[in-house]
Every structure is written in structure tokens, then in C-alpha cells.
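Below is a walk through one protein model, from its overall layout to one pair of side chains and the surface around it. Please keep the sequence and the structure in view while reading.

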Amino acid sequence: MDLREAPYLRSGGQTLVTPREDMSVADMEQALTQRPMRRMQERVRHVSAPQTARGLLEENKQLIQEKLERKGLEKKHSREYFDRMAQENRTIMDRDKAKTMSRRSEHQQLAQHYKSKMAEKERLKANEYNSKLQDGVQIQFFPFVEGDNINRNRETQNQQMREEMRSFLQTQRDKRPPRTDMLMVETSNENAIKYPEMPFQRSIGSSLPRRGDSSATQPDASTGPGDAVAPHMSRHPRFLSRARDHMSRQLHDNHIRKVLDDKVQATRAELEAQAQKNQDDLRDWHEGLLVHDALRYDNGRARAAENRRVQDVLRNQMKESEDRRKREHQDIYGTVGYFGPEEKEVQPQDMHTELCSDLIQQMQVNQQRRSYDRDQKLRQEKRLIDNGIAEMAQDRHVQRHKAKQHKDVLTATWNSQQKIKSANKAVESIA
């Protein structure tokens, strides 16, 4: 069959295909471009993205699972952060408590030391008079000893300085001893003239050694040959000795008594001032302890309030974050299509058993309470009925007693009237 004689293919009144020999290439391209497309054009997604609805659903489930895991990790991190902060606060509080306890123990030790010192001082002060009485005449009090104290201190300082200089020179001599070679001997500067010792006569009562005495002429074994001195240098010169005090008798000693009384008064005033000062120091110390305790108590309360405030702030922040997470979850997943029921955590069997036992126990308690209330109401109604019956019986007894009393009164009145009538008749009959 020839293509030119083939009929046109039609579909819905539209020509779909025409013979190729009757159409040029341009007409065919134009007809193809104007041809409507019945099938919806498919849009190809990215190569890595899912191309089907099931793949898209799986991807969404995977994203939801990843987000839930990320939320769980964030919650775990926040919980760990809160635990770490609580542990740090607890450590700080323990350290502050230990510091406070150590400080308190130090204060107590210091207070005990002060108390022991004060007790020892009081004991010495209390035993001072008895010790003076026991010493008796051995006590010689002279207040003017400043000069002797100054001289004693000077001698002590001079002796100390001499010892230090001697030790320093000895150290230098040990470190750098003198040279003993011939050059030093030939260049020596010792050019002093050595005079011969002159004979002398020893006077009676003189303490100088004799010429022929071996202890004076012969040097000591511990001294060297150059340490020998002249006999008159063996003792301190008399003209350089300290003059003796001249003891003179005075006829009037009022000024001495006045000076002694003034010294006694000054010493007494000084002792009283020292005692007052000790009392003031003790009072200040007690007040300082009270103030320190009050400040420590206030600081502890302020620190505890601050810790509570921080904990409240952390709880509020955690609550706000949880609410915000719920709102975000509701905003994101509230309008999405239904994916099935939410997964619930598997509850243990013991919890169900405990709940059942608790419900049964509550039902028993409620039944017992209802039965008790019903019995209580029945007892109350019975008591009310018994009280009403007793009251009615008492009223009935009172009514009977009143009726009997009334009858007795009427009978007595009737009898008295009959007696009066009979008496009147008897009188009338006699008349």
C-alpha cells in the first residue's frame, strides 16, 4: 500500500500524522512544535534526591529520626551541663564550708590560747602578793634602774660586736692565711725596737707578779712567743677603773619618800590602765566574734539565696527551652500528613501490676469508707429515733403525773366541800 494513498490518522478530530512526501522538513518541524502534549511533563529531580513518593517518605522519616536524635543529644548535654553546674556548686559550697570550719577552729584555738594566757596572767597576778610575802626581806625594790639597764645593754651589745668581729677576722684568717715565704719575711714592716725587760722591786701588797716567778716570766703554752706582754699590762690600770660611789648619810629622806610614793602611784596607775586595757581588749574580742559570726551567717544565707535563685533561673530556662521545642515541633509537624500513631515507650509489666494493685486497694478503701459512712448514718438515725422515743415517753409520763395531781386536787376539794356542807347542815340542825 502506498503511503500517499493511506488515510490520515485522526484522534479526537485532530490530525496526528501526515504523509512525509507531502510535507517539507520545515512544515514537519512546525507541526511537531505546535502539537499539544497530553502527558504531563515529568520534572527530573536532583540525582541524589529521591525520585519517588516512597523514597521521599523514607527520606522524611530519616530526617525526623535524625532530628529526634539531635534533640535527645541536646537534652542530654543540657542535663550533663546542669549536673556539672550542680556538682561545681556543691564543691564550692563544700570548700566554703571547710574553709569556714577551719577558720572557726583557728578562732577557737586562738580564743583558747587567749583564755589560757589571761588565766595564767590572772593566776600570776593573784599569786604575786603571796610570792612577795614568801620572799620577805629579799625583795628590794628600787625604781631608778634605767642607767644600770642602759649600761648592761651597752656591755651586751659591745660583747656581741666584739664576738662578731673576732669571728669575722678568724674566718678571714682561715680563708686567706698569711704567707710564710722568705719574701714576706724580708719585706716585713715590723720595725719596732724591742727594749730589754727592766728589773723592778715588788711592793708589799702588790698584786703584780714577781720577777723570778715562773708564771710571770715564762709564757703560757697556749700563747705564742709574740703574745708576751709587760708585767704592768697584766691587769687593768687603776686610773682607768670606775670610781666608787661615795656613800653619804642624809638626815632627811622626805624627798626620797616622795619620789617612791610618786613611783608607786605611777606604777599603780599604769597597772590599772593595763587592766582596763585588757578588759577593753577582751570585750572588743567578744564583740568581734559576735560580729564575725553574724557576718558569716548573713553571708551563708545570701549565698544560699543566690544558689536558689540560680537554680530557679536554670529551671525556668530549661522549662522555656522545652516549651519552645514543643512549639517548634507543633509548628513544624502539626500540619504535616499523618504518619501513624506516636511511638510510646514500652512500659514494664511491674508498673501495670502495681497500678492494678493500687486501683484495687483504692477501691477497697473507697468501699470501706462508704460502708463506714452508711453504718455511721444508720447509727445516727437510730440514736435520733431512740432519743425521740425517750422524749415522747418522758412527755407522756409528765402528762400522766399532771393529770393524776389534778385529779387528786379536785378530789381533795370535793371532799373538803362535802365536809363543809355536812358541818353547815349540822349547825343548822342544832339551831
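Helices (H or I, at least four residues) and strands (E, at least two) are DSSP runs, numbered from the N terminus. By that rule the chain contains seven helices and two strands. Along the sequence they come in the order β-β-α-α-α-α-α-α-α.

The model is predicted, with pLDDT of at least 70 needed for local features and 80 or more for side-chain atom pairs, while totals for chains, interfaces and linings use all residues. Residues are numbered from 1 along each chain as its sequence is written, and side-chain values use heavy atoms, leaving out hydrogens and water.

Confidence is given as pLDDT, the predictor's value for each residue, from 0 to 100. Its mean over the chain is 77, and 69% of the residues reach 70 or more. Helix H7 (residues 349-430) has the highest confidence, at 91, and helix H5 (residues 214-217) the lowest, at a mean of 42. Over residues 199-226 pLDDT stays under 50, and the model has 17 contacts (heavy atoms within 4.5 Å) beyond four places in sequence for them. Residues 1-19 also stay under 50, with 16 such contacts. Where pLDDT is low, the predicted coordinates should not be read in detail.

How much of the chain is buried? Buried residues (under 20% relative accessible area; exposed is over 50%, partly exposed in between, with a 1.4 Å probe and protein chains only) make up 2% of the 431 residues. The accessible surface, from the Shrake-Rupley method with a 1.4 Å probe and only the protein chains shown as cover for residues, comes to about 41400 Å², and 54% of it belongs to carbon and sulfur atoms. Of the contacts with a separation of 6 or more, 51% are between residues 24 or more positions apart.

Rings of Phe, Tyr and Trp (its six-membered ring) pair if their centres lie within 6.5 Å; planes under 30 degrees apart count as stacked, over 60 as edge-to-face and the rest as tilted. The chain has one aromatic pair by this rule. Tyr-114 and Trp-285 form it edge-to-face, at 6.2 Å centre to centre and 80° between the planes. Because Tyr-114 lies in helix H2 and Trp-285 in helix H6 (residues 254-333), the pair ties together parts that are 171 residues apart in sequence.

Tyr-114 is partly exposed, at 36% relative accessible area. Together with Leu-110 and Met-118, Tyr-114 makes a nonpolar surface patch of about 240 Å². Met-118 lies in helix H2 (residues 53-135) and counts as partly exposed, at 33% relative accessibility.

Definitions and conventions
Patch = residues over 30% accessible without salt bridge, like charges linked within 9 Å, V, L, I, M, F, W, Y side chains within 5 Å. Salt bridge = Lys/Arg side-chain N within 4 Å of Asp/Glu carboxyl O.
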